[in-house]
Amino acid sequence: MVIQRIFRAVIMGPPGSGKGTVSARIAKTFGLKHVSSGDILRANIEAQTELGLLMKSCIDQGQLAPDDVMSRLILSDLRAMDRSSWLIDGFPRTVSQSEALDDAYSVDTVINLNVPFETIKQRLSSRWTHLLSGRVYNVDFNPPKVPGFDDVTGEPLAQRDDDTPETVTRRLKAYQTQTEPVLEYYRSKGVLEIFSGTETNKIWPHVEAFLHSKLSPIKQKVS
Ligand SMILES: Nc1nc2c(ncn2[C@@H]2O[C@H](COP(=O)(O)OP(=O)(O)O)[C@@H](O)[C@H]2O)c(=O)[nH]1
Ligand SMILES: Nc1ncnc2c1ncn2[C@@H]1O[C@H](COP(=O)(O)OP(=O)(O)O)[C@@H](O)[C@H]1O
């Protein structure tokens with residue numbers, strides 16, 4: 001029988017730093033459940049829920065959604081997976097959100113992808129997303145097998161409305177003013193691990209080795 005204690009992690013980094021890409025690899029290798037705040041919001045927009053309709057203009061303008069809405073949304077999802085190990089991507093994005101998370105759960109580790117803004121701007125103009133699953137592609141880095149269509153479902157891919165150059169600039173500003181203080185919050189708690197670089201394939205082996213030191217990959221027995 002595989003016995004592993006519950007592991008709770010957060011992945012941070014500026015928009016386009018590779019959080020979704022690295023999270024998919026972590027989920028596959030270590031079996032953590034991937035919770036993406038952006039995917040949850042986009043699913044609500046697609047389904048035209050009340051929340052989705054309220055949040056759409058905020059997201060399209062490159063602004064953060066209100067803290068209380070986000071904290072309620074993510075914490076209710078986490079409560080539904082109380083017995084699972086998880087990795088949250090895109091939350092917390094403000095100190096107030098980190099405090100709300102802290103009140104409910106103790107986070108074991110925070111992985112920060114430190115990627116230069118110049119690298120990010122290039123990437124986001126060629127990001128294509130399967131909106132329902134959150135799978136991401138890139139014309140240069142990981143193109144879909146059939147251009148314009150998701151590898152798994154065969155459904156069409158879309159470019160995000162907030163990936164235009166002007167909105168990306170606004171999102172990077174919001175990151176600097178509202179999200180960078182969260183890094184300090186976690187540094188002071190001693191759980192922050194920083195991974196710097198410009199290529200996900202070079203950053204990933206370091207993230208993988210770090211997580212190997214903390215938990216076992218799936219399908220491997222632990223003593
Ligand atoms: N050129 C290039 N693109 C990358 C690399 N890593 C990720 N991407 C692409 O960059 C975009 C942003 O990555 P994503 O994982 O969505 O970042 P997130 O916004 O932090 O979740 C996507 O189109 C990825 O396919 C990389 O090393 N090189
Ligand atoms: N924790 C959060 N707090 C506030 N707004 C959020 C949060 N997570 C996502 N959003 C909103 O959704 C948008 C897209 O989020 P995400 O997919 O995580 O983007 P990125 O690729 O920029 O990291 C953000 O720019 C923001 O408007």
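Let's start at ligand 2, which 20 residues surround, the closest being Lys-19, Ser-37, Gln-63, Gly-90 and Arg-171; a residue counts as near if one of its heavy atoms lies within 4 Å. This is a predicted model, in which local features need pLDDT of at least 70 and side-chain atom pairs pLDDT 80 or more, while totals for chains, interfaces and linings use all residues. Residues are numbered from 1 along each chain as written, chains are lettered from A and ligands numbered from 1 in the order written, and side-chain values use heavy atoms, without hydrogens or water.

Now look at the polar contacts, pairs of N or O atoms within 3.5 Å. One nitrogen atom of ligand 2 is 2.7 Å from an N or O atom in the Ser-37 side chain, and a backbone N or O atom of Gly-90 is 2.8 Å from a nitrogen atom of ligand 2. The side chain of Arg-171 has an N or O atom 2.7 Å from a ligand 2 oxygen. The protein covers 97% of the 540 Å² of accessible area that ligand 2 has on its own, by the Shrake-Rupley method with a 1.4 Å probe. Helix α2 (residues 37–46) gives the most to this ligand's shell, 4 residues; helices are DSSP runs of H or I, at least four residues, numbered from the N terminus.

Let's move on to ligand 1. Of the 18 residues around ligand 1, the nearest are Gly-16, Gly-20, Thr-21, Arg-127 and Thr-200. An oxygen atom of ligand 1 lies 2.9 Å from a backbone N or O atom of Lys-19, and an oxygen atom of ligand 1 is 2.8 Å from a polar backbone atom of Tyr-137. Alone, ligand 1 exposes 580 Å², of which the protein buries 90%.

How values were computed
A polar contact is a pair of N or O atoms within 3.5 Å; within protein, one must be able to donate a hydrogen and the other to accept it, and residues adjacent in sequence count only if both atoms are side-chain atoms. Helices (H or I, at least four residues) and strands (E, at least two) are DSSP runs, numbered from the N terminus.
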